[in-house]
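This report describes selected features of a protein model. Please consult the sequence and the coordinates shown below while reading.

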Amino acid sequence: MTNDLKDSFSGAGAGTGAGPGPGTGGGAPPAPAALAAKVRTLAPSMTRSMQRVAEAVAGDPAGCAALTVTGLAELTGTSEATVVRTSRLLGYPGYRDLRLALAGLAAQQESGRAPAVTADIAVDDPIADVVTKLAHDEQQTLADTAAALDTVQLGAAVAALAGARRVDIYGVGASGLVAQDLAQKLLRIGLVAHAHSDPHLAVTNAVQLRSGDVAIAISHSGSTGDIIEPLRVAFDHGATTVAITGRPDGPVSQYADHILTTSTARESELRPAAMSSRTSQLLVVDCLFIGVMQRTYESAAPALAASYEALAHRHSPRTR
């Protein structure tokens with residue numbers, strides 16, 4: 001074993017001038033509760049050998065916590081270097097830090113939680129089972145998103161929105177619905193916000209942005225060209241850019257000043273990815289909205305009250 005690998009396994013590399021590994025962002029390692037969420041989010045973009053390591057630690061945290069780096073490499077049919085790279089991609093300086101998180105996750109799982117619902121929805125499932133399975137998956141998606149969400153990045157995005165002259169939001173398909181939801185929320189508290197699902201209009205509007213404006217791209221895959229192009233244009237024109245994505249290493253992120261990562265539930269024939277990605281995106285959008293509302297409360301509260309008053313007659317029976 002080389003000295004470099006030994007340092008990586010022990011975590012000693014952090015004190016030798018070595019930079020953070022991929023995906024760490026230089027911040028603190030994720031909490032144990034965020035580990036499984038991180039695995040589900042990043043696994044699709046990993047190499048197959050790294051996926052085997054990630055799936056092993058997420059599937060049996062207690063068993064893997066008891067293994068040395070060599071033992072985990074042998075268990076997964078990979079190399080010690082692959083184990084280290086996977087640890088770093090998941091946000092840990094070295095394998096030692098990952099083992100500590102695995103031990104913490106195992107302890108949480110043994111604390112008396114109800115067993116997870118793991119079966120996919122079947123064509124012949126009774127509707128009651130569909131409700132149970134969907135509710136479980138939605139809850140897991142929300143928990144994973146909350147656990148993995150970088151609150152520093154979220155706070156920076158909120159600050160940019162609170163002081164923005166104008167906000168443009170890009171999304172197509174299911175993400176377009178989320179973009180509309182955010183735009184409507186921001187409009188009701190007095191911000192100038194527009195959602196764009198037409199790629200041509202998105203680009204022509206992005207050209208008008210400048211410093212002090214904010215552009216938000218919503219793309220679960222992180223590789224939707226119709227979303228990346230207007231974000232790139234906004235970025236080039238000096239706007240503050242935000243990406244809400246399930247693939248923080250995707251192409252959209254290279255034009256984002258702030259990245260907000262969403263999670264997703266297991267995809268199946270009767271549950272396409274757009275369903276679970278929409279759930280996690282809406283959570284992030286709500287967090288952004290509440291954060292902006294808090295920062296701009298003196299102006300936002302009267303604006304929201306005025307919008308309620310303007311619409312009140314539409315929610316009550318009309319008198320003749």
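This is a predicted model: local features need pLDDT of at least 70, side-chain atom pairs count only at pLDDT 80 or more; totals for chains, interfaces and linings use all residues.

Strands β1 (residues 167-170) and β2 (residues 193-196) are paired in the parallel sense, with four bridges between them. Within this pair, Val167 has Ala193 of β2 as its bridge partner.

**Nonpolar cores**

The largest nonpolar core has 31 residues, of which Val167, Ile169, Leu186, Ile189, Ile216, Leu260 and Leu288 touch the most other members. Two or more residues come from each of α9 (151-162), β1, α10, β3 (214-219), β4 (240-245), α13 (273-295) and α14 (297-311). The greatest contribution to this core is that of α13, which supplies six residues.

Which residues does Ile216 contact, leaving aside its neighbours within four places in sequence? They are Leu161, Val167, Asp168, Ile169, Tyr170, Leu182, Val242 and Ile244. A further core lies apart from the largest one and has 23 residues, including Val39, Leu42, Met50 and Leu90.

**Helix α8**

Helix α8 (residues 127-148) has 22 residues and, at 1.5 Å a residue, should span 32 Å; the end C-alpha atoms are 31 Å apart, which agrees. The buried residues of α8 are Val130, Lys133, His136, Asp137, Glu138, Thr141, Asp144 and Thr145.

**Cysteines and His196**

The number of disulfides in the model is zero, counting pairs of cysteine sulfur atoms within 2.5 Å.

| Residue | Relative accessible area | Class |
|---|---|---|
| Cys64 | 1% | buried |
| Cys287 | 28% | partly exposed |
| His196 | 12% | buried |

Cys64 and His196 are classed as buried because the limit for that class is under 20% relative accessible area. Cys287, at 28%, is therefore partly exposed, as that class runs between the 20% and 50% limits.

His196 belongs to strand β2. Not counting residues up to four places away in sequence, His196 touches Asp168, Ile169, Tyr170, Gly171, Leu201, Ala202 and Asn205. The C-alpha atom of His196 is separated by 7.6 Å from that of Ala179, although the two residues are 17 residues apart along the chain.

Technical notes: Residues are numbered from 1 along each chain as its sequence is written. Side-chain values use heavy atoms; hydrogens and water are left out. Two strands pair if DSSP finds at least two bridges between them. A nonpolar core is a set of buried Ala, Val, Leu, Ile, Met, Phe, Trp, Tyr and Cys residues joined through side-chain atoms within 4.5 Å. Buried means under 20% relative accessible area, exposed over 50%, partly exposed in between (1.4 Å probe, protein chains only). Contact means heavy atoms within 4.5 Å. The expected span of a helix is 1.5 Å times one less than its number of residues.
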